[in-house]
Amino acid sequence: MASAYKALANLTLSSSASTVTFSSISGNYRDLVLVISDIKMSTDATVYIRYNSDTGSNYNQVFMSGQGSVTASQSANSTRFDIGYYTYASTTDTGFNIEADILDYTATDKHKTAIVRSNRASAGTESFAARWASTSAITTIALIASTGTFSSGTKFALYGVTS
Amino acid sequence: MLPWGILAASGSGAAGAMELISTTILSTTSTSVTFSSIPATYKHLQIRATTRTDRSGIHVASVIASCNSDMSSNYSYHQLYGTGSAVGSYGLANTTGYIATATAATQTGSVFTSLISTLLDYANTTNYKTFRTLHGFTGSAGHNIELSSTNWRNTAAVSTLTLTAGSGSNFIAGSRFSLYGIKGA
């Protein structure tokens, strides 16, 4: 029986980049899984997402976080989703990773809600629910550094899950 | 360490560790969805679902899991959740098998809860069974991002899984439920 997970794209940055885009995403799957690993950035920054080049205020999210003994939860409506907060430590600092599961990404009867975990054990852990208020199928995912760049060596992978 | 949910991927469609067992997409309302005759040949199970109910007057309803048709109070659960204004936790023992919160009638239209729930060692006949679930939604009526852990106090292998909408409500058309098997080595 075929695997339910199919690797659609893999990218390891060979030089810094402020944006990484997955485009022409196939509509043949049920869910998408986005994995960003070995994240290094040039400065303190937020990793955020936009779909289908939509820069409107169509992104809604809630997160909860734990940093040592401090917990927090916030919600926001914005022009983007924030899916992780990077605190620059050193150019060799590693261990920050993010997984985002985007369920029913082609469904035309639903807004698109991703559930996300962002992890950097030395700084904190976060979980997000992130909704794009559109019933359009997702065909493009842009991952953007709020300031500075993703450093060389940062890895991006996109998987399709069949159903 | 592999991230949540990713145990195998194939670039060519070849056999991998995670296989689809069954998918149900509701064409009309339904109180529950059942996966029956689950083969015992996998190591773990994973449910991936998008859920909304018709519970009136409120924006949420529970999603209750039951193993082998056991709807009695043989479950315990704990939640860690964020609502956008607060982080909280809650637990209950000797109850039904809450695993997640679905959206309901007063929530923003077209908003469904996304949930992924993994049942590890479901065919083991020595241990109790524990679901671990990540789920969430955002909308004008409220927000929720939640990690939950639900235990079924029974050592029987799980051969039937039912997800039931809470508070006497129904899952609405478009709600989707997929069950995957994850192979062992």
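How much of the accessible surface of chain B belongs to carbon and sulfur atoms? The accessible surface of chain B comes to about 7000 Å², and 51% of that belongs to carbon and sulfur atoms, where accessible areas come from the Shrake-Rupley method with a 1.4 Å probe and, for residues, only the protein chains shown count as cover.

Before going on, a few conventions are needed. This is a predicted model, in which local features need pLDDT of at least 70 and side-chain atom pairs count only at pLDDT 80 or more, while totals for chains, interfaces and linings use all residues. Residues are numbered from 1 along each chain as its sequence is written, chains are lettered from A and ligands numbered from 1 in the order in which they are written, and side-chain values use heavy atoms, with hydrogens and water left out.

We can begin with chain B as a whole. Chain B has 12 strands and zero helices, where helices (H or I, at least four residues) and strands (E, at least two) are DSSP runs numbered from the N terminus. The radius of gyration of chain B is 16 Å, close to the 16 Å that the globule rule gives for 185 residues, so chain B is as compact as a globular protein of that length; this radius is taken over C-alpha atoms, and the rule is 2.2 Å times the number of residues to the power 0.38. The C-alpha trace of chain B spans about 45 × 40 × 35 Å along its principal axes.

Of the 185 residues in chain B, 54% are buried, and here buried means under 20% relative accessible area, exposed over 50%, and partly exposed in between (1.4 Å probe, protein chains only). Contacts, meaning heavy atoms within 4.5 Å, can also be sorted by distance along the sequence: among those in chain B between residues at least 6 apart, 75% join residues at least 24 apart. Chain B carries 9 positive and 5 negative charges, whose mean positions are 4 Å apart; Lys and Arg count as positive and Asp and Glu as negative, without His and the chain ends, and the place of a charge is NZ of Lys, CZ of Arg, CG of Asp or CD of Glu.

One residue of chain B can be followed in detail. B:Asn127 lies in the loop between β8 (113–120) and β9 (129–137) of chain B, and with a relative accessibility of 38% B:Asn127 counts as partly exposed. Leaving aside neighbours within four places in sequence, B:Asn127 is in contact with B:Asn154 and B:Thr155. From B:Tyr81, on the other hand, B:Asn127 is 46 residues away in sequence and 27 Å away in space, C-alpha to C-alpha.

Turning to chain A, we again find zero helices and 12 strands. Its radius of gyration is 15 Å, close to the 15 Å that the globule rule gives for 163 residues, so chain A is as compact as a globular protein of that length. Buried residues make up 52% of the 163 residues in chain A, and the accessible surface of chain A comes to about 6100 Å², with 44% belonging to carbon and sulfur atoms. Chain A has 11 positive and 11 negative side chains, and the centres of the two sets lie 3 Å apart.

Which strands pair with β4(A)? Two strands pair if DSSP finds at least two bridges between them. Five bridges join β4(A) to strand β7 (residues 81–86) of chain A in an antiparallel arrangement, and there A:Tyr48 stands opposite A:Asp82. Five bridges also join β4(A) to strand β11 (residues 141–145) of chain A, again antiparallel, with A:Ala145 as the bridge partner of A:Val47.

Finally, we come to two loops of chain A. Most residues other than glycine have a negative phi. A:Ser24, however, has a positive phi, near 50 degrees; A:Ser24 sits in the loop between β2 (19–22) and β3 (31–37) and is exposed, with a relative accessible area of 70%. Phi of A:Ser53 is likewise positive, near 60 degrees; this residue is placed in the loop between β4 and β5 (59–67), and at 63% relative accessibility A:Ser53 counts as exposed.
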